[in-house]
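Work through these exercises with the sequence and the 3D view side by side. Try each task before you read its solution.

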Amino acid sequence: MNTASTFSPARVAPNLSHVWGGIWRLTVRRFLLPGHWLTLGLGLAVLTLLLIGGGHSGSPARFLDWTVGFYITFLVPALSFVAAGGAMRDEMKSGNVDYVLTRPVPRPAFVVFKFIAHTIGVQIDFLFAFGVVTFFAVSRHVPDLGWVTIKLLFGQMLLITAFSALGFLCGVISSRYVVIGLAYAGIIEAGVGQIPTQLSRLSMTHQVRDLLTFLLGGSAPVTSVPSLISTTSLVALFGVIFVAAAAAIFSLCELSGPADS
């Protein structure tokens, strides 16, 4: 009796460290492509023009208002969301699904590791943009620049992480993730976030804007100024919920087939 032909080969057991290593290498490779650096360079050029045209004019206080109100709480979240949603949709294409998910990769682990690797890459990308903002801050003679830079960088990192998580969730839900993002921005960020009640804390940009205004010595109302710990914890909680929901939905998706969903 040939026992070798009786039993099927043993399945390869998932190894999370190998899964992380593979996802990290595949993700980082995309950030090193010449096309990515070209796009980044064009984005930095546009940001420079925006700073020259708007943020660079006026007093240091006006420069900080522009940086918090436009760069930190609008431009950074919007670009982080689009980049994350696009990255997740790329992973759901039939070719990538056949290559990645035919291996012993637990789907929830795939989403979590992909999110971590992608967010690290985006954080590094935005450091270049933050360097441009800092250069103009120096030219505007912003006082206490060291502390100001640390506070602004913290707000940037917080919103990149949160809106990357939201982008992953919307990317898993639909290929029209931009439409979902616009609906979210209109209802939560621009709508609920402007209500002068505790409901405004559902808006991540509103929370971070109030926090930075307070930390930078602005005149935010006392009742709307959240503490550093509570704001960080709540925005981080939103991010965890978004990633967990994305992982749960991704685990239930039927991704096989010749056509992209």
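## Exercise 1: The cavity

The largest cavity is lined by Phe 63, Leu 64, Phe 130, Val 133, Thr 134, Ala 137, Leu 145, Val 148, Thr 149 and Leu 152. The model is a predicted one.

**Task.** State how much space lies in the largest cavity, which helices each supply at least two residues of its lining, and how the lining divides into nonpolar, polar and charged residues.

**Solution.**
- Step 1. Start with the volume. The largest cavity holds about 50 Å³ of space.
- Step 2. Find the helices. Helix 4, helix 6 and helix 7 each supply at least two lining residues.
- Step 3. Sort the lining by class. It has 8 nonpolar residues, 2 polar ones and no charged ones.
- Step 4. Check the sorting. Phe, Leu, Val and Ala count as nonpolar. The lining list includes Thr 134 and Thr 149, and Thr counts as polar.

## Exercise 2: The largest pocket

**Task.** Describe the largest pocket: which residues are closest to its centre, and which helix gives the most to its lining?

**Solution.**
- Step 1. Take the volume. About 770 Å³ of space lies in this pocket.
- Step 2. Look at the centre. The pocket has 27 lining residues, and the closest to the centre are Phe 31, His 36, Thr 39, Ala 83 and Asp 125.
- Step 3. Trace the helices. Helix 2 (16–31), helix 3 (34–55), helix 4 (60–91) and helix 6 (107–139) each supply at least two residues of the lining. Helix 4 gives the most, with 9 residues.
- Step 4. Sort by class. The lining has 16 nonpolar, 7 polar and 4 charged residues.

## Exercise 3: The second largest pocket

**Task.** Now do the second largest pocket. How many residues line it, and which elements give two or more of them?

**Solution.**
- Step 1. About 430 Å³ of space lies here.
- Step 2. The lining has 19 residues; Phe 74, Pro 77, Ala 78, Phe 163 and Ala 185 lie nearest the centre.
- Step 3. Helix 4, helix 7 (145–173), helix 8 (177–189) and helix 9 (204–215) give two or more residues each. Helix 4 gives the most, with 7 residues.
- Step 4. By class, the lining has 12 nonpolar, 5 polar and 2 charged residues.

## Exercise 4: One serine

**Task.** Is Ser 164 buried or exposed?

**Solution.**
- Step 1. Locate the residue. Ser 164 sits in helix 7.
- Step 2. Apply the cut-off. Buried means under 20% relative accessible area. Ser 164 has 0% relative accessibility, so Ser 164 counts as buried.
- Step 3. List its contacts. Leaving out residues up to four places away in sequence, Ser 164 touches Ser 80, Ala 84, Phe 115, Thr 119 and Leu 159.

Methods. Residues are numbered from 1 along each chain as its sequence is written. This is a predicted model: local features need pLDDT of at least 70, side-chain atom pairs count only at pLDDT 80 or more; totals for chains, interfaces and linings use all residues. Side-chain values use heavy atoms; hydrogens and water are left out. On a 1 Å grid over the protein atoms alone, a cavity is a set of points where a 1.4 Å probe fits but cannot get out, and a pocket is an open set with protein on both sides within 12 Å along at least five of seven lines; lining residues have an atom within 4 Å of a point. Grid points are joined across faces, edges and corners, and a volume is the space filled by probe spheres set on the points. Helices (H or I, at least four residues) and strands (E, at least two) are DSSP runs, numbered from the N terminus. Buried means under 20% relative accessible area, exposed over 50%, partly exposed in between (1.4 Å probe, protein chains only). Contact means heavy atoms within 4.5 Å.
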